[in-house]
Amino acid sequence: MSRFLSLILRHNPGAIGIEIEKNGGWADVNALMDGINAKGKFRVDRPLLEKIVATDSKGRYSFNADGTKIRANQGHSIDVVIEMEHRRPPEFLYHGTAWRFMPSIKAKGLLPGSRNYVHLSPDYETAVKVGFRHSKPEAPVVLKIQAVQMAEDGYDFMISDNGVWQISHVPPQYIEIYHEGDVTING
Ligand code: HQG
């Protein structure tokens, strides 16, 4: 159900015939529930939706202040503008990916692909988990990003409400392969 919600709120609201506001990425809660229930794959009511928003492991979703609207906090491929805090990053951020992408990443840097931004992780462990999604059964590669250097060079870092760092592009010169056991001082 949470995955289906992610599909609708980030990528394809048309799958249940609803619209998402470009400004803020909000969907009307009643329209969303009606759309999901009409589709028949899942049954959802307000308490279930509230439980998903409250307990999602990555804090992917939020209600607006009066609870009439819902959105994904980040990760969209559809054209939405989510207000995010522009913040100075820690010295290093991390990105987990598959080794097979490395020739292209070395040439072009990290690109958003189908999403609106490149996602960066605050720590190595999170990056490993993200990377595994693309690499399994092989181990992922974790990239260490010179985030403060990028910020000093004028790159704009944002952090979503659920703590995922976002940036439009990471050029190759700020990327190095992180080797487990490397000592880094983060912060
Ligand atoms: C790769 C999950 C070739 C990039 C996670 C990644 C995350 C390139 C893939 C969130 C490239 C895109 C996002 C280049 C980047 N050439 N490949 N130049 N630049 N790539 O899924 O960061 O569970 O769109 O390394 O926790 O893996 O959905 O991005 O492997 O936060 O909430 O292109 O998704 O969160 O893949 O994951 P994705 P991602 P949720």
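This tour takes you through a predicted model, one selection at a time.

**Stop 1: the ligand**

Select the ligand first. The space it takes is the largest pocket. Now show the residues around it. There are 16 of them, and Lys-58, His-95, Ser-104, Arg-115 and His-134 come nearest.

Colour the helices and strands next. Which elements each supply at least two residues of the shell around the ligand? They are strand β5, helix α4 (102-108) and helix α5 (124-135). Of the elements, α5 gives the most to this shell, with 3 residues.

**Stop 2**

- His-95: an N or O atom of its side chain is 2.6 Å from an oxygen atom of the ligand.
- Thr-97: a polar atom of its side chain lies 2.7 Å from a ligand oxygen.
- His-134: its side chain has an N or O atom 2.6 Å from an oxygen atom of the ligand.

How much of the ligand does the protein bury? Taken alone, the ligand exposes 790 Å², and the protein buries 85% of that.

**Stop 3: His-95**

Select His-95 and zoom in. His-95 sits in strand β5, residues 92-97. Is His-95 buried or exposed? His-95 has 14% relative accessibility, so it counts as buried; the cut-off for buried is under 20%.

Now show what surrounds His-95. Leave aside its neighbours within four places in sequence. His-95 is then in contact with Leu-110, Val-118, His-119, Leu-120, Ala-127, Val-141, Val-142 and Leu-143. Pick His-119 from that list. The backbone oxygen of His-119 lies 2.9 Å from a polar atom of the His-95 side chain.

**Stop 4: His-134**

Move on to His-134, in helix α5.

His-134 and Thr-97 are 37 residues apart along the chain, yet their C-alpha atoms are separated by 6.3 Å. Not counting residues up to four places away in sequence, His-134 touches Ala-98, Arg-100 and Phe-101.

**Stop 5**

Follow the chain to Pro-137. This residue lies in the loop between α5 and β7 (141-146). Look at the peptide bond from Lys-136 to Pro-137. This bond is cis, with omega near 10 degrees. Most peptide bonds are trans.

**Stop 6**

Go to helix α1, residues 2-11. Which of its residues are buried? They are Phe-4, Leu-5, Ser-6, Ile-8, Leu-9 and Arg-10. Their cover includes β1 (27-28), α2 (29-39), α3 (46-55), β2 (61-63) and β3 (69-72).

Select α2 next. Its buried residues are Val-29, Leu-32, Met-33, Gly-35, Ile-36 and Asn-37. The elements covering them include α1, β1, α3, β2 and β3.

Finish at the two ends of α2. At its start, a side-chain oxygen of Asp-28 reaches to within 3.1 Å of the backbone nitrogen of Asn-30. After α2 comes Gly-40, whose phi is positive, near 90 degrees. Most residues other than glycine have a negative phi.

Note on methods:
Residues numbered from 1 in each chain as written. Predicted model: local features only at pLDDT ≥ 70, side-chain atom pairs only at ≥ 80, totals over all residues. Heavy atoms only, no water. Helix = DSSP H or I, 4+ residues; strand = E, 2+ residues; numbered from the N terminus. Buried < 20%, exposed > 50% of the residue type's maximum accessible area, 1.4 Å probe, protein only. Polar contact = N/O pair within 3.5 Å; in protein donor to acceptor, adjacent residues only side chain to side chain. Contact = heavy atoms within 4.5 Å. Near = heavy atom within 4 Å. Areas by Shrake-Rupley, 256 points an atom, 1.4 Å probe, with all protein chains shown as cover. 1 Å grid on protein atoms, 1.4 Å probe; cavity = no way out; pocket = protein on both sides within 12 Å on 5 of 7 lines; lining within 4 Å. Sits in = over half its atoms within 2 Å of the grid points.
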